[in-house]
Amino acid sequence: MIGTQPTGAIQGVHISAVSHEGLTVTVNGVPGRLAIVTDDGRIIAVGKDVAREAEAVAVNSYREMLKGQGWLRVMSKPIQVAAAA
């Protein structure tokens with residue numbers, strides 16, 4: 001895990017991170033969205049909330065490692081999903 005990690009494994013998909021913008025996704029140059037999808041195809045959450053949550057977990061994991069508390073796992077709280085009307 002030391003050094004630059006390989007990226008670009010998903011053809012046509014570009015995920016970027018900018019400290020003041022968070023995570024963004026493009027698919028073949030068109031804006032995309034991150035989503036949480038169950039194995040049976042149910043979409044649980046999608047969009048900016050998912051991107052913010054993924055970024056927060058990654059940043060918190062990195063910070064714990066820098067503090068010498070490199071826990072094996074950093075978890076987020078459940079994403080609040082609005083009830084369908």
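Analyst: Buried means under 20% relative accessible area, exposed means over 50%, and partly exposed lies in between. This is a predicted model, and the classes are applied to it in that sense.

User: Which side chain makes a polar contact with that of threonine 38?
Analyst: The contact joins two side chains at 2.3 Å, which is inside the 3.5 Å cut-off for N or O atoms. The partner of threonine 38 in this contact is aspartate 40.

User: With which residue does aspartate 40 form a salt bridge, and how far apart are the closest N and O atoms?
Analyst: Side chains of opposite charge can pair when their charged atoms come close. Aspartate 40 and arginine 42 are both exposed. The salt-bridge criterion asks for a nitrogen within 4 Å of a carboxyl oxygen, and aspartate 40 meets it with arginine 42, the closest N and O atoms being apart by 3.7 Å.

User: How many salt bridges does a search of the whole structure find, and which residue pairs with aspartate 49?
Analyst: The search of the whole structure finds 2 salt bridges. In one of them the closest N and O atoms are 2.5 Å apart, and it links aspartate 49 to arginine 52.

User: Why are aspartate 49 and arginine 52 separated by about one helical turn?
Analyst: Both residues lie in helix H1 (residues 48-66). Aspartate 49 is partly exposed there, because its relative accessibility is 43%.

User: What is the strand order of the open sheet of 3 strands?
Analyst: Strands of a sheet pair through backbone hydrogen bonds, either parallel or antiparallel. Here the pairing is antiparallel, and the edge strands, each pairing on one side only, are strand E1 (13-18) and strand E3 (30-32). Neighbouring strands are turned against each other by 35° on average, direction ignored. The order is E1-E2-E3.

User: How many bridges join E1 to strand E2, and which residue is the bridge partner of serine 16?
Analyst: E1 and E2 form a hairpin with 3 residues between them, and these antiparallel strands are joined by 6 bridges. Alanine 17 stands opposite leucine 23 in E2, while the partner of serine 16 in E2 is threonine 24.

How values were computed
Residues are numbered from 1 along each chain as its sequence is written. This is a predicted model: local features need pLDDT of at least 70, side-chain atom pairs count only at pLDDT 80 or more; totals for chains, interfaces and linings use all residues. Side-chain values use heavy atoms; hydrogens and water are left out. Two strands pair if DSSP finds at least two bridges between them. Helices (H or I, at least four residues) and strands (E, at least two) are DSSP runs, numbered from the N terminus. Axes are lines fitted to C-alpha atoms, for helices over the stretch in contact, and angles run from 0 to 180 degrees between N-to-C directions. A salt bridge is a side-chain nitrogen of Lys or Arg within 4 Å of a carboxyl oxygen of Asp or Glu. Buried means under 20% relative accessible area, exposed over 50%, partly exposed in between (1.4 Å probe, protein chains only). A polar contact is a pair of N or O atoms within 3.5 Å; within protein, one must be able to donate a hydrogen and the other to accept it, and residues adjacent in sequence count only if both atoms are side-chain atoms.
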